[in-house]
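This briefing concerns the structure shown below. Please read it alongside the model.

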Amino acid sequence: MNAPANLAAPIALIAELTHRCPLSCGYCSNPLELERASAELDTATWSRVFAEAADMGVLHLHLTGGEPMSRRDLPLLIRAASGAGLYTNLITSGVTLDDNALAKLVEAGVDHVQLSFQDSLAGSADRIGGYRGGHARKLAAAARIVASGLPLTANFVVHRGNLDRIADILALGEDLGASRIEIAHVQYHGWAMLNRAALMPTLAQLEAATAAVTAARARLAGRVVIDYVVPDYFAARPKACMGGWGQRIINVSPTGLAMPCHAAASLPDLVFPSVRERSLTEIWTGSNVFAMFRAPAFAPESCRGCERLEIDWGGCRCQAHALTGDAARADPACALSPDHGLVVAALAEARADEVVPRRMAVS
Amino acid sequence: MIDSSAVPRLKPGVKFRFDRSRDAWVLLAPERLFMPDEIAVEVLKLVDGVRAVSSIVDELAVAFKAPRDVIETDVLAMLDDLRGKGALAA
């Protein structure tokens, strides 16, 4: 398959530097089988990939994982990215972000830090993340980041177990001095799917949360940006998969596999191209897996003729696969999908239950 | 609403740069990308944390030989929009 002549360059590269992580959140969206440290790309290869990304028109680089700070060469990687001209965003749990570590990241040229939080209450946060004392470390990390002058995003992953504290969570984000707060409902990919029933919020929780965010946005307008979207299972309409499969984002796994999104590893029978063997540009313009679900050539059968097709392109391919077994079907999150009953059934299964912590099984 | 005496500046972590591959100016913010239109580009070139809105308007009125009040309305609206999106302080 050839790329369309007017194919635009991706705007962002998501670099999953490692699957290693000191936390064990039950909502982890990484695959059930994780990659070993010994299989990870080395410093030189990542640096080459960052240079290729900048050359092809990528603007934002998101360094994520796992925990990217598990990589000892993180300052070198940031220096390479920054030197190539990429806007470098570090997405971290912050539990190892001490003064020394932060100074090295700042010196290397990091542009922005997104720090994840599990709750506003320390005890609950530490339980969810499976890391005793983690919340206190995150608070200290946030204070360091703000004091350094770097912009901070406070990211809160919300679900049935913490959503009742949404007002406190928003207040914590404000108190931390974040310039941006992200309230991210759990997405049921990877490990999180195992815990779907226990993580799924109630409709009452969701409505209260949406109202709290709306009020906070009005209160903090011009000072703090709040990112929040109604989660798929409640939304009636799906979301464009990463801005459209193979349209805006390229994701590289810890071992160097290039994918349209990090959850795509869950799709069976796809052979992802490796950045060890091909350049990012070759992959973006020439790879079959990037082309196979790329609009406008591709549209799920039941979406053809829909007036919303060019808004959401039929939704998330990985969610379609996870729920129906077929990645080419319409995302069942769409109320118009023939499979929407699967989402309705999942909502009915939601219950208060123990969340199974992430385990670090490796492939 | 921003007024004409305000001194706008880009917030920390916001970068206004020319992107060669798109042949366009871009405004990069934390996990946000803005593609300013031609007028916004001319305004942003003058946002330096020193000039007040009124002097930005003066310069643009001369450069584009346009009525000052029209320029002022456009500049204030554009800056206010970017402030609401978290890219700018004033």
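The points that follow are grouped by topic.

This is a predicted model, in which local features need pLDDT of at least 70 and side-chain atom pairs count only at pLDDT 80 or more, whereas totals for chains, interfaces and linings use all residues. Residues are numbered from 1 along each chain as its sequence is written, and chains are lettered from A and ligands numbered from 1 in the order in which they are written.

**Overall form of chain A**

- Chain A contains 14 helices and 9 strands; helices (H or I, at least four residues) and strands (E, at least two) are DSSP runs, numbered from the N terminus.
- With a radius of gyration of 20 Å, close to the 21 Å that the globule rule gives for 363 residues, chain A is as compact as a globular protein of that length. The radius is taken over C-alpha atoms, and the rule is 2.2 Å times the number of residues to the power 0.38.
- The C-alpha trace of chain A spans about 50 × 50 × 40 Å along its principal axes.
- Of the 363 residues of chain A, 51% count as buried. A residue is buried if 20 or more other C-beta atoms lie within 10 Å of its own, exposed if 12 or fewer, and partly exposed in between, with C-beta atoms placed from the backbone.

**The sheet**

- An open sheet of 9 strands in chain A has the order β7-β6-β5-β4-β3-β2-β1-β8-β9, with mixed pairing; two strands pair if DSSP finds at least two bridges between them.
- The edge strands are β7 (225-228) and β9 of chain A, each of which pairs on one side only.
- Strands β4 (residues 112-117) and β5 (residues 152-158) of chain A pair in the parallel sense over 5 bridges, and Val113(A) stands opposite Leu152(A) in β5(A).
- Strand β1 (residues 12-16) of chain A is parallel to β8(A), paired over 4 bridges; Ala15(A) has Val252(A) as its bridge partner in β8(A).

**Strands β8 and β9**

- From strand β8 (residues 249-252) of chain A, Ile249(A) and Asn251(A) point one way and Ile250(A) and Val252(A) the other way, and all are buried.
- β8(A) and β9(A) pair in the antiparallel sense over 2 bridges.
- These two strands form a hairpin with 5 residues between them, and Gly256(A) in the turn has a positive phi of about 105°.
- Ala258(A) lies in strand β9 (residues 258-259) of chain A, where Val252(A) stands opposite Ala258(A).
- Ala258(A) is buried because 23 other C-beta atoms lie within 10 Å.

**Helices α4 and α5**

- The axes of helix α4 (residues 122-129) and helix α5 (residues 134-147) of chain A come within 7 Å and cross at roughly 105°. Axes are lines fitted to C-alpha atoms, for helices over the stretch in contact, and angles run from 0 to 180 degrees between N-to-C directions.
- α4(A) and α5(A) are therefore roughly perpendicular to each other; the range for this term is 65 to 115 degrees.
- Ala122(A), Ala125(A), Asp126(A) and Gly129(A) of α4(A) make the contact with Gly134(A), His135(A) and Ala136(A) of α5(A). Two residues are in contact if their C-beta atoms, placed from the backbone, lie within 7 Å.
- α5(A) also lies across β4 and β5 of chain A, running at about 160° to β4(A).

**Contact between chains**

- In chain B, 16 residues are in contact with 19 residues of chain A.
- On the side of chain B that touches chain A, the elements giving two or more residues are β2 (15-19), β3 (24-29) and α3 (68-84) of chain B.

Methods:
Angles under 35 degrees count as roughly parallel, over 145 as roughly antiparallel, 65 to 115 as roughly perpendicular and the rest as oblique.
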